Amino acid sequence: MDQLTIKTPLLPFREPLNGGPTFLLKYENLQPGGSFKSRGISHLIKTTMDSISDPENELAVYSSSGGNAGLAAARACATLKVPCTVIVPKSTKPRMIKKIESAGAKVVIFGDHWKEADTYLREYVMRQSSYSNTLYVHPFDNPIIWDGHSTMIDEIIEQLAESHTDINDVKGIVCSVGGGGLYNGVVNGLERHGLAGSIPVFAMETDGCDVLSKSLIAGEPVVLDRISSIATSLGSTEICADSFQKAIKFSSKSIVLDDKNVVDTCLRFFDETSILVEPACGASLHTCYRPELLGPLGPDDIVVVILCGGSCNTYDDLKSFH
Amino acid sequence: MYVHIFPTSYSQTSINRLIMKAQLFSKTPLLKHQFKRSKGPQVLLKYEFLQPSGSFKSRGIGHLISTKVEEIKKSSPEKIGHVFASSGGNAGLAAAVASLELNVPCTVVVSNATRPRIIEKIRSYGADVVVHGNHWKEADSFMKEHLMKKLDSFKYEPIYSHPFDNPLIWEGHSFMVDEIMDVLASSKIPITKIKGIVCSFGGGGLYNGLILGLQRYNLADKIPIVCVETKGTDVLSASLRVGAPVEFEKISSCATSLGTATISTTAYQNVKRHGSKSAVISDTEVISTCLQFSNDTNIVAEPGCGATLYFGYNIDKLQNILGSDIKDDDYVILIGCGGSSTSLEDLKELSSFTNCEFELPSTGVSRLNSHSLHTLQ
């Protein structure tokens, strides 16, 4: 069987003529589904499969994401040989539909936005299912998904040890925050290693998708009326309750960037490395070009940036925004 | 002929130490890649895209420069090394990146055919770029005859960095074989399951590195290497046909990184000695591969690298070349050598020029001008 996830490399980011801290990039863009989502979502599907004791009870997987979560579900199901249905709203890009389909999933287009597609999936499609076991895969809000994401922290700690890097030199982990799934995985992983209190997490959002930042300012989780940012993969109107509590408990730093900054970062990174990441990922990557955003850091300090990946935007999308 | 003196084997620890000493090159992952394969052997891809300079050249050129810098420190501690590289491509970029890391001055001489984008990129790593001549040979002689000779010899010691033809470069490249062996061992894949390694072939530097690495494990005669060129840069293929190394008068292919007039003599001899295979694909085939790969992975591979990736998408053709009975649980390794000579815009432009989106992969139809060749003395 092919692997559901891979151990991604942790490699130094190289910025010419820059005397700041060392940034290490965790290349989650290399996951089979093109983003970190492969970790949590394949873990959820595999865990569910393993829990079914009777081989007669076949499992079918359902997702309502026309983005990276849907693609990750489709790829994981293809590997596990489980049928997968993805319901996506009309606004979904044809390119993503093609990607999800070519991974082997059945795609049905329904509704004007995610909520409509999601409701249709749960209220209608799943109830009509002929399979005795059905699994609903939420894009992020499930502790088993976070468990899957958290394995990247185990890898990072192992990789730092392999290269004889002192964990005390790590002055932060930078990750993008949409609904909080990746953030929860990172913090859970750090907690497991007793590091959640000592290594700060920088939670990156874009202006218009800044539900965590707004919630922290309000002192309670808020719900956004609307999403407005090119970083559509960060576009969640709500933040997980768990993420909000962890952000307060561990004093994570919330940073909000404007769209222009992240698009410029994506284009620059693409020019330097030939690797295209979407704006949701560019939000984290941006700190490599502007270390001062993270506070005072010296050349001996190390910052780990989760290059979360994502396939929602093409180069032409970025260029036209630019 | 060169005489090689190598340790019997580079242990993983010593490689790690090399990486720690200076981050001249990265240990890159070797990952199973699906391509569009439905049957046939498993394909493992070595991600040399992730090297500091964007290509495998960081290994060999980083190793050459760091070795020379160390030698100068010992032999003439009052001097510092000054790197001279004649390449308007990935080798020049690798030299600039390594020189920055080692904190030594670097001059890169490029011909006036070099794209402004590459010049800017090399400059962004702090190197001095001089534009001279119509092609590599003119740039290279100008650099050797004028710039290197005029160096203040009391203060500096010149370090000449050829794009590929130097045993130290091959030794640096050869470390990727140690990494591959390490991953195969830890993933419990028996060496006997590896039925071939595919690499792109320009001047033969990468190929020589692979052979050198395989020789350390006594595998050079056991694992066949497939050397891929494009029509118009197929100096190796032409040399094998003629029976002696030939020189091309002109290069005509979009895979400019593979475009060398001559190949390394050692590479030619290695190919003969170890029975390596030669494959030539068309520009159309390579460009559609690059576009397909960039759509699949969000990584843009230049044609020089796409030549190898082509066989990931056309595994049946690879099986034909290797000729042996390859089973579905066997493996082939593709070296994703990387390189940044071609932007996505360039690729799209090239694809509209060659209409490759509408053409089926062909086996020898070339739209290119014929090239002339003559046997070397």
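Two rings of Phe, Tyr or Trp are taken as an aromatic pair if their centres lie within 6.5 Å, with planes under 30 degrees apart called stacked, over 60 edge-to-face and the rest tilted. Good morning, colleagues. The model I present today is a predicted one.

Phe35(B) sits in the loop between β1 and β2 of chain B, and Tyr313(B) belongs to helix α11, residues 303-313, so the pair ties together parts that are 278 residues apart in sequence. Are these two residues buried or exposed? Phe35(B) has a relative accessible area of 7% and is buried. Tyr313(B), at 18% relative accessibility, also counts as buried, because the limit for that class is under 20%.

A pair with another geometry is that of Phe201(B) and Tyr207(B), which is tilted, with 5.7 Å from centre to centre and 50° between the planes. Both Phe201(B) and Tyr207(B) are buried. Returning to Phe35(B) and Tyr313(B), they form one aromatic cluster together with Tyr47(B), Phe49(B) and Phe293(B).

As background to these pairs, chain B has 13 helices and 12 strands. Of its 377 residues, 59% are buried. Among contacts in chain B between residues at least 6 apart in sequence, 74% join residues at least 24 apart.

In chain A, Glu155(A) and Arg39(A) form one, with the closest N and O atoms 2.9 Å apart. This pair links distant parts of the chain, since Glu155(A) is in helix α5, residues 143-162, and Arg39(A) is in helix α1, 116 residues away. Glu155(A) is buried at a relative accessible area of 11%, and Arg39(A) is buried at 3%.

Which residues join this pair in a network of salt bridges? They are Lys26(A) and Glu28(A), linked with Arg39(A) and Glu155(A). The side chain of Glu28(A) makes a polar contact of 2.8 Å with the side chain of Thr8(A). Another polar contact, of 2.6 Å, joins the side chains of Glu28(A) and Arg39(A). Beyond its neighbours within four places in sequence, Glu28(A) is in contact with several residues, among them Phe36(A), Met152(A), Ile306(A) and Cys308(A).

In one, the side chains of Glu48(B) and Arg59(B) meet at 2.7 Å, N to O. Glu48(B) lies in the loop between β2 and α2 (57-75) and Arg59(B) in helix α2, so parts 11 residues apart in sequence are tied together. Both Glu48(B) and Arg59(B) are buried. In the other, Lys68(B) and Glu71(B) meet at 4.0 Å, N to O. These two are 3 residues apart in helix α2 of chain B, and are thus separated by about one helical turn. An α-helix has 3.6 residues a turn, so residues three or four places apart point the same way. Lys68(B) is partly exposed at 28% relative accessible area, and Glu71(B) is partly exposed at 42%.

A brief word on helix α8 of chain A, residues 241-249. Here Ser243(A), Phe244(A), Lys246(A) and Ala247(A) are buried. The buried residues of α8(A) pack against α6 (181-192) and α7 (211-218) of chain A. Just after α8(A), Ser251(A) takes a positive phi of about 45°.

Finally, the interface. The contact takes 32 residues from chain B and 28 residues from chain A. About 2600 Å² is buried between the two chains, and carbon and sulfur atoms give 52% of that area. How many salt bridges lie between chain B and chain A? The count is 2. Asp271(A) forms a salt bridge with Arg117(B), the closest N and O atoms being 3.5 Å apart. On the side of chain B that touches chain A, elements that each supply at least two residues include α1 (12-21), α4 (116-124) and α13 (344-354). By class, that side has 12 nonpolar, 11 polar and 9 charged residues. Thank you for your attention.

Definitions and conventions: Residues are numbered from 1 along each chain as its sequence is written. Chains are lettered from A and ligands numbered from 1 in the order in which they are written. This is a predicted model: local features need pLDDT of at least 70, side-chain atom pairs count only at pLDDT 80 or more; totals for chains, interfaces and linings use all residues. Side-chain values use heavy atoms; hydrogens and water are left out. Contact means heavy atoms within 4.5 Å. Buried area is the accessible area (1.4 Å probe) that two parts lose on being put together, summed over both. Helices (H or I, at least four residues) and strands (E, at least two) are DSSP runs, numbered from the N terminus. Ala, Val, Leu, Ile, Met, Phe, Trp, Tyr, Cys and Pro count as nonpolar, Asp, Glu, Lys and Arg as charged, and the others, Gly among them, as polar. A polar contact is a pair of N or O atoms within 3.5 Å; within protein, one must be able to donate a hydrogen and the other to accept it, and residues adjacent in sequence count only if both atoms are side-chain atoms. Buried means under 20% relative accessible area, exposed over 50%, partly exposed in between (1.4 Å probe, protein chains only). Rings of Phe, Tyr and Trp (its six-membered ring) pair if their centres lie within 6.5 Å; planes under 30 degrees apart count as stacked, over 60 as edge-to-face and the rest as tilted.
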